[in-house]
Amino acid sequence: MDYNLVIQLLSELRQYEQEMNRSPDNIHSFATWLINKRDFNDAADESLFMRINWHGKDRGGKAHYNASHLITAVGRHKMNYIRQALDGTAFDTYDEFAFMLSLVFKGNYSPSKLIETHLQLKPTGIEVIRRLLKKQLVEQTPSETDKRAKVLSATTLGKQAFYLALQRINKVTDLIMSPLSEKEHLVLLSLLQKLDQRHRPIYSLDKKSSFDELISMFESDNPQYSDPKNENDV
């Protein structure tokens, strides 16, 4: 028996309960909600498809390939602005600032946890921490629960330097997001959270898999997954 339909129905039922804050009264009310959702989504999808243009669209290129490229491009725009914003501050790189952000706003971290939180490779993360220690922006002390372990914390000097740089970084964030409305900010945040929630566990727990093994994980979770090799989408 193919259980895909059952899985889809359970997913739709979960969405119904989240939107309506209750379970459906009966099968008829649930079916009506499904039909209305389909009609709304079909109309919205058609409207979006007609309104948005992207490279290769006229040759069958898929939107999500272009969106992936744009995520990378916007990230590079942001890093370009940040390099200028950090000029003259205590931080030479955005990674240094980002590590400090976690230590200031979230408290002490072990070196390994701080590196993992920021999706850094261990050698790169250790080098960032070494630079912060050398600048006396952070300090490393024995853990209170495990004397063999070390924890990192922001120094008074580090906090002062962080808040000075934060004003400039906040302006970069405003600059990057300025074309979007408040509603679009929320929509974008929701979509990016959804992407991050899917990929972060894989990055954190499965760094040694081959590419073929990585692809098989996505295929098993998403039967709609297809091979991205398509010359029309590049």
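Lys135 is partly exposed, with a relative accessible area of 26%, where buried means under 20%, exposed over 50% and partly exposed in between (1.4 Å probe, protein chains only). The model is predicted, so local features need pLDDT of at least 70 and side-chain atom pairs count only at pLDDT 80 or more, whereas totals for chains, interfaces and linings use all residues. Residues are numbered from 1 along each chain as its sequence is written, and side-chain values use heavy atoms, with hydrogens and water left out.

A salt bridge is taken as a side-chain nitrogen of Lys or Arg within 4 Å of a carboxyl oxygen of Asp or Glu, and by this rule the count comes to seven. Three of these pairs are listed here.

| Pair | Closest N to O |
|---|---|
| Lys135 and Glu96 | 2.6 Å |
| Glu127 and Arg130 | 2.6 Å |

Lys135, in the loop between α6 (122-134) and β1 (138-142), and Glu96, in helix α4, are 39 residues apart, and their pair links distant parts of the chain. Glu96 counts as buried, at 0% relative accessibility. Helices (H or I, at least four residues) and strands (E, at least two) are DSSP runs, numbered from the N terminus. Glu127 and Arg130 are separated by about one helical turn because they stand three residues apart in α6.

Helix α7 (residues 156-177) bends by about 30 degrees at Leu166, the bend being the angle between axes fitted to the seven residues ending there and the seven starting there.

Definitions and conventions: Expected span 1.5 Å × (residues − 1).
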